[in-house]
Amino acid sequence: MSKILFDIFTYLLAAYGLIYLTISVINSIRQRLGSESTRVKMVLLIKNQERTIEGIIRNIFTGDVLRKVMSNEKLIVLDMGSSDSTVDILRKLKDDYGFFDIIGENEKFMLFSKFNSDEAGVKSKVN
């Protein structure tokens with residue numbers, strides 16, 4: 001009798017696992033298909049962050065934050081007029097990663113106007 005109950009319990013757990021796996025796969029497919037039309041942009045506003053910016057950028061990319069949140073995996077870093085070496089550090093990191101754009105404070109109007117446009121990336125860069 002206990003063997004029959006154990007077998008029934010095992011089959012129920014297997015069926016539950018199969019159903020859960022099927023639902024997860026379907027949701028994953030739906031999310032991937034829907035994410036192409038989703039327009040999520042990540043903007044990081046910074047000013048005088050030479051001590052912390054490298055850790056922040058590396059954590060974003062090593063933790064796969066962009067892949068989990070955004071469909072185009074592009075980060076826009078808006079420097080709000082740093083007077084330290086923040087922009088130099090960002091340029092070095094851009095050479096390492098390349099998955100983000102750096103724009104200056106004087107170009108922020110272009111950035112925010114792009115949220116209403118169909119363009120996905122920011123073409124203007126900090127020199």
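Tutor: Let us begin with a term: a salt bridge is a side-chain nitrogen of Lys or Arg within 4 Å of a carboxyl oxygen of Asp or Glu. With that criterion, a search of the whole structure, which is a predicted model, finds six salt bridges.

Student: What makes lysine 3 and aspartate 7 a salt bridge?

Tutor: The closest N and O atoms of lysine 3 and aspartate 7 are 3.4 Å apart, and the cut-off asks for a nitrogen within 4 Å of a carboxyl oxygen, so the pair qualifies as a salt bridge. The two residues are four residues apart in helix α1, which means that about one helical turn separates lysine 3 from aspartate 7.

Student: Are lysine 3 and aspartate 7 exposed or partly exposed, and how do you know?

Tutor: Exposed means over 50% relative accessible area, and partly exposed lies between that value and 20%. Lysine 3 has a relative accessible area of 56% and is therefore exposed, whereas aspartate 7, with 25%, is partly exposed.

Student: Where do helices α2 and α4 lie?

Tutor: Helix α2, residues 53–62, lies across β1, β2 and β3, and runs at about 170° to β1. Helix α4, residues 86–97, packs on the sheet and touches β1, β2 and β3, while its direction makes about 155° with that of β3.

Student: How do you know that β2 and β3 are joined?

Tutor: Two strands pair if at least two bridges are found between them, and four bridges join strand β2, residues 75–79, to β3, so this pair meets the criterion. The two strands run parallel, and valine 77 stands opposite isoleucine 102 in β3.

Student: Why is the sheet called open?

Tutor: Three strands form the sheet in the order β1-β2-β3, with parallel pairing. Strands β1 (42–46) and β3 (100–103) stand at the edges, each with a single partner strand, so one side of each is left without a neighbour in the sheet. The twist averages 20° from one strand to the next.

Student: Why is methionine 80 called partly exposed?

Tutor: The relative accessible area of methionine 80 is 22%, and buried would mean under 20% while exposed would mean over 50%, so this value falls in between. Methionine 80 is found in the loop between β2 and α4. Leaving aside residues up to four places away in sequence, methionine 80 touches Leu45, Ile46, Lys47, Glu105 and Lys108. Methionine 80 and isoleucine 103 are 23 residues apart in sequence, and their C-alpha atoms are 8.9 Å apart in space.

Student: Why is methionine 1 called exposed?

Tutor: Methionine 1 has a relative accessible area of 76% and is therefore exposed, as exposed means over 50%. Methionine 1 lies in the segment before α1 (2–35). Together with Ile4, Leu5, Ile8 and Leu12, Met1 forms a nonpolar patch on the surface, with about 570 Å² of accessible area for the group.

Student: Which elements make up the chain, and how much of the chain is buried?

Tutor: The secondary structure comes to five helices and three strands, which run α-β-α-α-β-α-β-α from the N terminus on. Buried residues make up 24% of the 127 residues in the chain. The chain exposes about 8900 Å², of which carbon and sulfur atoms supply 60%.

Methods: Residues numbered from 1 in each chain as written. Predicted model: local features only at pLDDT ≥ 70, side-chain atom pairs only at ≥ 80, totals over all residues. Heavy atoms only, no water. Axes fitted to C-alpha atoms, helices over the stretch in contact; angles between N-to-C directions. Contact = heavy atoms within 4.5 Å. Buried < 20%, exposed > 50% of the residue type's maximum accessible area, 1.4 Å probe, protein only. Patch = residues over 30% accessible without salt bridge, like charges linked within 9 Å, V, L, I, M, F, W, Y side chains within 5 Å. Areas by Shrake-Rupley, 256 points an atom, 1.4 Å probe, with all protein chains shown as cover.
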